[in-house]
Amino acid sequence: MGKKLEGNGLHESSRMILPEHKEAIQRQLREINRRVKPILDEQAWELMLLDIVDARAADKEVTLVLFDPFKDKELRGKVTKFDMQLQRLRIDYDDDWDWIKWDDIISVYT
């Protein structure tokens with residue numbers, strides 16, 4: 001019984017974390033790593049769009065880097081359609097395809 005009261009023994013034996021507290025701690029740690037979307041100037045947008053249009057005309061694949069608050073996502077495939085009204089493009093890759101919003105794109109590689 002004496003060992004329980006020595007040092008930090010009393011607190012060590014009574015420590016516990018509720019699932020709600022654990023989730024709150026994890027949520028706070030995740031929010032610390034949240035990033036802000038970079039603001040691209042008009043020239044950067046024009047260069048990216050030129051790369052996309054040239055790759056589509058040449059039927060080449062492009063790599064789009066999409067913004068995510070925690071980790072950027074890379075998507076490689078062929079651009080097949082533009083939807084000017086909804087400001088998005090369609091990219092085909094690996095027997096699948098996605099519509100990508102222009103605002104989500106932060107860089108383009110050919």
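## Polar contact of Thr63

In this predicted model, the side chains of Thr63 and Arg76 form a polar contact at 2.6 Å. Thr63 is part of strand β1, which covers residues 62-66. Its relative accessibility is 10%; because buried means under 20% relative accessible area, Thr63 counts as buried.

## Ala55 in helix α3

Ala55 is located in helix α3, which spans residues 42-57. With a relative accessibility of 4%, Ala55 falls under the 20% limit and so is classed as buried.

Beyond residues up to four places away in sequence, Ala55 touches Lys60, Val62 and Thr110. Of these contacts, Thr110 is 55 residues from Ala55 in sequence, yet the C-alpha atoms of Ala55 and Thr110 are 7.0 Å apart in space.

Strand β3 (residues 88-93) and strand β4 (residues 96-101) run antiparallel and are joined by six bridges. Within this pairing, Arg90 has Trp99 of β4 as its bridge partner.

Two residues lie between the strands of the hairpin. In this hairpin, Asp94 adopts a positive phi near 45°.

Terms used
Residues numbered from 1 in each chain as written. Predicted model: local features only at pLDDT ≥ 70, side-chain atom pairs only at ≥ 80, totals over all residues. Heavy atoms only, no water. Helix = DSSP H or I, 4+ residues; strand = E, 2+ residues; numbered from the N terminus. Buried < 20%, exposed > 50% of the residue type's maximum accessible area, 1.4 Å probe, protein only. Contact = heavy atoms within 4.5 Å. Polar contact = N/O pair within 3.5 Å; in protein donor to acceptor, adjacent residues only side chain to side chain. Pairing = 2+ DSSP bridges.
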